[in-house]
Amino acid sequence: FDGHGGAEVAKFCQRHMVGEMRKTKEFVEGSMDMALVRAFHRMDDMLRESAYAEEIESLKTKEAGEDDEMGGDDGDGDNAMDPLDLLKRVFQYKRWGDG
């Protein structure tokens with residue numbers, strides 16, 4: 001989410017990554033490292049798909065605080081999880097599993 005592809009890409013990933021990660025079979029099976037890898041690859045794919053072009057373009061013009069859909073809500077009715085919180089949990093899970 002570092003904005004390497006522009007602020008709109010960082011916002012897009014913030015919006016979608018958690019939901020996409022939660023959809024992977026790796027996440028369901030508890031393989032957090034592979035779920036994270038698959039989610040990053042999915043973000044790359046989504047950024048190239050024309051279906052998301054309009055959304056990405058709209059994120060170019062939004063100012064900080066304007067977008068109330070941030071936080072990784074995947075639209076399934078579950079509580080949104082902050083992407084940073086998810087990453088922290090993944091690394092904690094890996095640390096506990098290795099120790």
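Predicted model: local features only at pLDDT ≥ 70, side-chain atom pairs only at ≥ 80, totals over all residues.
Residues are numbered from 1 along each chain as its sequence is written, and side-chain values use heavy atoms, leaving out hydrogens and water.

So, which residue does Glu-26 meet in a salt bridge? The partner is Arg-38, at 2.8 Å from N to O. By salt bridge I mean a side-chain nitrogen of Lys or Arg within 4 Å of a carboxyl oxygen of Asp or Glu. Arg-38 sits in helix α3 and Glu-26 in helix α2 (residues 25-28), so this pair ties together parts that are twelve residues apart in sequence. The helices here are DSSP runs of H or I with at least four residues, numbered from the N terminus. Arg-38 itself is partly exposed, with a relative accessible area of 45%.

How many salt bridges does a search of the whole structure find? It finds six. Another one joins the side chains of Lys-23 and Glu-20, at 3.1 Å from N to O. Both of these residues belong to helix α1 and are three residues apart, about one turn of the helix. Lys-23 counts as exposed at 56% relative accessibility, while Glu-20 is buried at 12%. Glu-20 and Lys-23 are also linked with Arg-42 and Glu-49 in a network of salt bridges.

Over in helix α4, Glu-57 and Lys-60 are likewise three residues apart, about one turn of the helix. Their side chains meet in a salt bridge at 3.2 Å, N to O. Glu-57 is partly exposed, at 44%, and Lys-60 is partly exposed too, at 46%.

Now for the inside. A nonpolar core is a set of buried Ala, Val, Leu, Ile, Met, Phe, Trp, Tyr and Cys residues joined through side-chain atoms within 4.5 Å. The largest one has 17 residues, and Phe-12, Met-21 and Val-90 have the most contacts inside it. Two or more residues come from each of α1 (7-23), α3 (32-48), α4 (53-60) and α5 (83-98).

Let's finish with Phe-12. Leaving aside residues up to four places away in sequence, Phe-12 touches Met-46, Leu-47, Tyr-52, Glu-55, Ile-56 and Leu-59, where contact means heavy atoms within 4.5 Å.

How values were computed:
Buried < 20%, exposed > 50% of the residue type's maximum accessible area, 1.4 Å probe, protein only.
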